[in-house]
Amino acid sequence: MKQLITLVILIFGFTNCNHQDKKEGTNITKENGITCHTKACQGTYQGKEFINGDDIAHQFSNTMSEAVGDQLKALFTSGDYSKVDFEQIMMITKGMGSGNVTYTLSIPFKTVSQKCEAYTSFDHVGGWNHTPALSQRKAQLKDVLMQGHQLNISDLKTTPEGLQEYWIQWKNKTIQADCE
């Protein structure tokens with residue numbers, strides 16, 4: 001596990017990911033172990049896979065999606081227009097089926113030059129060893145879109161142990177209202 005975390009840190013070239021820069025307001029360390037900054041949000045869930053039939057480990061994707069959405073909004077507000085770099089998303093799972101799992105996730109950002117090229121909302125749809133209900137999630141999110149806009153959806157991301165995710169970003173109606 002230490003090697004995995006070291007690899008994540010090296011990939012993004014960070015030497016102190018927990019440093020918070022209050023001036024910029026774009027470096028955020030959440031209580032849930034997720035660290036966000038101008039280049040990415042990353043974190044690891046380690047614990048029970050299921051509790052009373054609930055997919056606890058997969059809920060880390062929900063937690064990460066919220067953190068990424070918050071970070072995209074903070075970046076936008078500070079003038080650092082960004083979007084998620086779907087191609088560079090890293091999902092690693094270990095221990096699937098053992099009852100105790102480690103799920104490491106890194107969601108990188110790339111800078112865009114114009115504010116209306118940025119995205120400020122983020123979500124996902126997926127699960128362990130089953131096809132994600134993408135059409136249902138699209139239907140659930142249709143009301144969050146601005147007129148004439150579409151969801152930006154990643155290719156299906158999978159881990160060897162069967163975690164499957166589609167990652168979704170869009171322009172927030174409130175934050176980016178002038179991008180209609």
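Helix H3 (residues 134–141) has Leu134, Arg137 and Leu141 among its buried residues, where buried means under 20% relative accessible area and exposed over 50%, with a 1.4 Å probe and protein chains only. These three cover an arc of only 60° around the axis, so they sit on the same side of H3; the arc is taken from the directions from the helix axis to the C-beta atoms. An α-helix has 3.6 residues a turn, so residues three or four places apart point the same way. On the face turned away from the buried side you will find exposed Ser135 and Gln136.

This is a predicted model, in which local features need pLDDT of at least 70, side-chain atom pairs count only at pLDDT 80 or more, and totals for chains, interfaces and linings use all residues. Residues are numbered from 1 along each chain as its sequence is written, and side-chain values use heavy atoms, leaving out hydrogens and water.

Helices (H or I, at least four residues) and strands (E, at least two) are DSSP runs, numbered from the N terminus.

| Strand | Residues |
|---|---|
| E9 | 121–128 |
| E10 | 152–153 |
| E12 | 163–170 |

Now to lysine 157, which is found in strand E11 (residues 157–158). Lysine 157 counts as buried because its relative accessibility is 16%. Beyond its neighbours within four places in sequence, its contacts (heavy atoms within 4.5 Å) include Phe86, Glu87, Leu163 and Trp167. A polar atom of the lysine 157 side chain lies 2.8 Å from the backbone oxygen of phenylalanine 86.

Conventions
Polar contact = N/O pair within 3.5 Å; in protein donor to acceptor, adjacent residues only side chain to side chain.
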